Amino acid sequence: MAQPTAQSSTIRNVLLAGILLMLAGDFLFALNDAMGKWLVASFSVGQVVLIRSIGAFFVLGPMIARQGAARLFRMERLELQVLRVVMTTLDTALFYAAVVYLPLADVMSFYMAGPIYVAALSHLLLGEKVGWRRWMAILVGFCGVLIMLEPSSAAFSLSSTFALAGSISFAFAIILNRRLRGTSDTSLVTWQTIGTLLVGGFLTIGNWQTPSSLDFGAMLLLGIVSCGAHLMITRALKLAPASTLAPLHYSLLLWAVIFGLAFFGDMPGPRILIGSGIIVLAGLFIFHRQKVVDTVPPENVPKGVN
């Protein structure tokens with residue numbers, strides 16, 4: 001009896017470690033997003049993305065050295081790798097463009113719909129079975145997005161469009177992650193970081209503002225925090241089932257509200273709260289149905305893994 005008990009205890013400890021890593025990673029992602037909003041208030045999106053990408057190599061450098069630089073160039077499906085870099089770069093740039101004008105919680109609410117887009121795209125692009133119940137939940141989730149957008153000539157803003165397009169890019173990136181599971185995490189993150197670095201450098205041309213030592217350090221720290229969060233989420237997904245961890249992703253919205261209120265004095269309005277509530281409920285139902293019908297749940301890496 002002692003052996004099964006010890007094995008059960010080990011499994012519980014591993015699951016607990018996965019859950020704690022997921023929660024810690026989500027917290028770091030929310031902190032990353034709050035720091036990004038603070039920085040783009042004073043510097044261009046391109047400059048923040050450029051220096052942030054350089055900061056990420058403080059984490060990636062030792063990982064590349066351990067893996068071997070040559071392995072970076074041994075990639076499966078080059079066309080999908082390039083498309084993934086494009087999607088992750090769009091995700092990052094559009095997110096920071098949106099938080100220039102919108103409260104952090106509003107932007108994060110749009111990104112909460114990412115898993116709903118993933119469920120729909122998994123059927124269309126990966127051939128995964130999606131039953132009528134989940135299609136209904138997907139439609140309900142889209143209704144939540146429309147409530148947040150409030151599509152009228154007066155309220156439909158360019159910044160909301162940035163957030164919506166960024167969340168769709170995020171969903172495409174997750175789908176591509178699933179197609180490229182044979183590529184190491186180090187290679188995937190390195191190439192997407194190079195992509196954001198190049199785009200950030202291009203957008204900075206003619207728009208450079210010399211930062212103070214504090215601001216420059218904060219932008220470098222932004223990249224370190226983002227990479228650290230990504231590693232935590234990746235490890236969590238290896239220790240615990242995605243269906244167990246996926247609902248914890250919505251803690252990002254809670255942290256976005258807290259950070260937005262504490263640092264920027266932003267409080268989401270009723271429209272955002274109602275729309276995000278609908279999206280969260282629809283997303284949780286989708287994850288529940290995936291577990292019930294025993295399909296492969298989407299890897300649900302939160303916003304920020306760029």
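1. Helices (H or I, at least four residues) are DSSP runs, numbered from the N terminus. Helix H3 spans residues 78–99 and contains leucine 78. The model is a predicted one, in which local features need pLDDT of at least 70, side-chain atom pairs count only at pLDDT 80 or more, and totals for chains, interfaces and linings use all residues. Residues are numbered from 1 along each chain as its sequence is written, and side-chain values use heavy atoms, with hydrogens and water left out.

2. Leucine 78 counts as exposed because its relative accessibility is 52%; exposed means over 50% relative accessible area, buried under 20% and partly exposed in between (1.4 Å probe, protein chains only).

3. The model has 1 salt bridge, defined as a side-chain nitrogen of Lys or Arg within 4 Å of a carboxyl oxygen of Asp or Glu. Its partners are arginine 77 and glutamate 79, with an N to O distance of 2.9 Å. Glutamate 79 is partly exposed because its relative accessibility is 48%. Arginine 77 is likewise partly exposed, at 39%.

4. The lining of the second largest pocket deserves a separate remark. Helices H2 (45–67), H8 (185–204) and H9 (213–239) each supply at least two of its residues, and H9 gives the largest share, 4 residues. Among the lining residues are Met63, Arg66, Asp185, Leu231 and Lys238.

5. By class, this lining has 5 charged, 4 polar and 2 nonpolar residues. Here Asp, Glu, Lys and Arg count as charged, Ala, Val, Leu, Ile, Met, Phe, Trp, Tyr, Cys and Pro as nonpolar, and the others, Gly among them, as polar.

Methods:
1 Å grid on protein atoms, 1.4 Å probe; cavity = no way out; pocket = protein on both sides within 12 Å on 5 of 7 lines; lining within 4 Å.
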